[in-house]
Amino acid sequence: MAHESTTDNPYTRGIAEFVANLTYEAIPEDVRRRLKLLMLDSLGCALYGADLEWSRILQDKLSVIDTTRSCAIWGTSKKLSAPHAALVNGTQVQGFELDDVHRAGVLHVGAVVLPALVPLAEIKPMSGKEFLTAAAAGYEIGPRVGLCMGPAHIASGWHSGATLGVFSAAAGAARGLKLNTDKTVHALGIAGTQAAGLMAAQFGAMVKRMHAGRSSQSGLYGALFADAGFTGIVNVLESDYGGFCTTMSQSKDQFDLNELTAGLGTTWQAMGVALKFYACVGSNHTTLDAIRDMQAERPFGAKDVKKIVVHGSKVTMEHVGWKYAPQGLTSAQLNLPYCVATWLLDGDCFVDQFTEAKVADPARMALANKVEVREDKDITARGAKFRHMVHAEVHLNDGAVMKRSVEAARGSEKKFASDADVVQKFEKLASKTLPKVQVEKLRDAMLGLEKLKDAAEIARLLVRE
């Protein structure tokens, strides 16, 4: 079959023009403040992730095959080349399902933007204001590609955090390198053709953790190579044949290119990023909040529950509603019945609830079997912005039935956390790796980012001596 060749790229170029021309002053003050909190949260997640098994495997193996020692591996004393640092640090941010999520765009944004950007600050002079501006570009673009693709992207089996992440990483890195519009187009085109990531990784595989790191690395490669004159697919988002949108959706109409540039420069996607206060995938949070709220109304525990029925979107049902069987920590964190059982048994669903012993606990497994997840077609029909909405029913042994609907989770863009809550979570996670004084210095540096003359100070504060 012959395919017509065209290089029309109004959307890819529109994004590139925004990224290349973005200035610190153009970013509203409330967006700057939100970005600093979001980045602080991601760094806390990465520091906690530094000592996890999958992170250590990558750290150790790459230290053998990569003898470059220029960029920090956060929470350790190790250093690698910029691309390998991005790979490891991105894995660490996503290492324990603690990091942010743009729910509508279906993307963990900090896990792909910061691991590509911080190494650039180590090898290229960059002020705190320039760093924040580059980060804003990254936080803007990936979610827009996600909005363009819609929830069908992840429902079809692509891990959107990996596939979309290359565009966030490339955009942030391109702005960090101060690439012009043409080179930014190529950076996006080089990154987009590297997009990959399969949702089957959620069923117990360590590689699910690595998806964000690999995505960040691909975006960084895109910017670095474009800076050197290497060319990419100039219409990577628009091409009818082999373009990102048509190929990833296997269609010519199951995506909306207008989402890529609609409101660009006035509607800021950073304000749509949610933070997690449970150590599990974001799709589970609204149900946990619903149960938490019902328990506040009438206390009940595991022994009181006959069954729980959760009505949610098709994506929620397929993503997290499968019958639980112990397949490791990753699988447990991505399974809604397990997380509900854990909340009922422990009264929490944070880092201490996910151990090898607990994920195979017979009591937890038996309780998880009492949790059923069903599709609510009305919720599905409301689209991506409501994909985490749930109607939860708790049937108690005494015959009582409690119901609660939750549209957005605690810490979400609609119920964003207080500064104090974000800082508390950061300090709790970062203190697992760094001494208290260093944690406080890193906190202050990030919250006062615009005052930094050298953004490489961030990397220095992330190193464990």
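## Close-up views of a predicted model

**Figure 1. Contacts of L80.** Setting aside neighbours within four places in sequence, L80 is in contact (heavy atoms within 4.5 Å) with L62, S63, D66, T68, R69, S70, C71, I73, A85 and V88. The model is predicted, so local features need pLDDT of at least 70 and side-chain atom pairs count only at pLDDT 80 or more, while totals for chains, interfaces and linings use all residues. Residues are numbered from 1 along each chain as its sequence is written, and side-chain values use heavy atoms, with hydrogens and water left out. L80 belongs to strand β2, residues 79–80; helices (H or I, at least four residues) and strands (E, at least two) are DSSP runs numbered from the N terminus. L80 is buried, at 0% relative accessibility. Buried means under 20% relative accessible area, exposed over 50%, and partly exposed in between, with a 1.4 Å probe and protein chains only. The C-alpha atoms of L80 and T67 are 7.0 Å apart, and these two residues are separated by 13 residues along the chain.

**Figure 2. N235 in a loop.** N235 is located in the loop between α11 (207–227) and α12 (244–249). Is N235 buried or exposed? With a relative accessible area of 5%, N235 is buried. Not counting residues up to four places away in sequence, N235 touches T6, T7, D8, N9 and T12.

**Figure 3. Helices α20 and α21.** Two packed helices are described by the angle between their axes and the distance between the axes. Helix α20 (residues 419–430) packs with helix α21 (residues 436–447) at an angle of about 140 degrees, and their axes are 10 Å apart. That angle makes α20 oblique to α21. Axes are lines fitted to C-alpha atoms, for helices over the stretch in contact, and angles run from 0 to 180 degrees between N-to-C directions. Angles under 35 degrees count as roughly parallel, over 145 as roughly antiparallel, 65 to 115 as roughly perpendicular, and the rest as oblique. Which residues of α20 and α21 meet? V423, F426, E427 and A430 in α20 meet V439, L442, R443 and L447 in α21. Of the residues in this contact, six are nonpolar, none is polar and two are charged. Ala, Val, Leu, Ile, Met, Phe, Trp, Tyr, Cys and Pro count as nonpolar, Asp, Glu, Lys and Arg as charged, and the others, Gly among them, as polar.

**Figure 4. The salt bridge of R33 and D419.** The structure holds 27 salt bridges, each a side-chain nitrogen of Lys or Arg within 4 Å of a carboxyl oxygen of Asp or Glu. One of them joins the side chains of R33 and D419, at 2.7 Å from N to O. This pair links distant parts of the chain, with R33 in helix α2 (residues 29–49) and D419 in helix α20, 386 residues apart. R33 is partly exposed at 47% relative accessibility, and D419 is partly exposed with a relative accessible area of 33%.

**Figure 5. The salt bridge of E97 and K208.** The closest N and O atoms of the salt bridge between E97 and K208 are 2.4 Å apart. E97 lies in the loop between α4 (82–93) and β3 (101–102) and K208 in helix α11, so the pair ties together parts that are 111 residues apart in sequence. E97 is buried at 0% relative accessibility, and K208 is buried at 3%.
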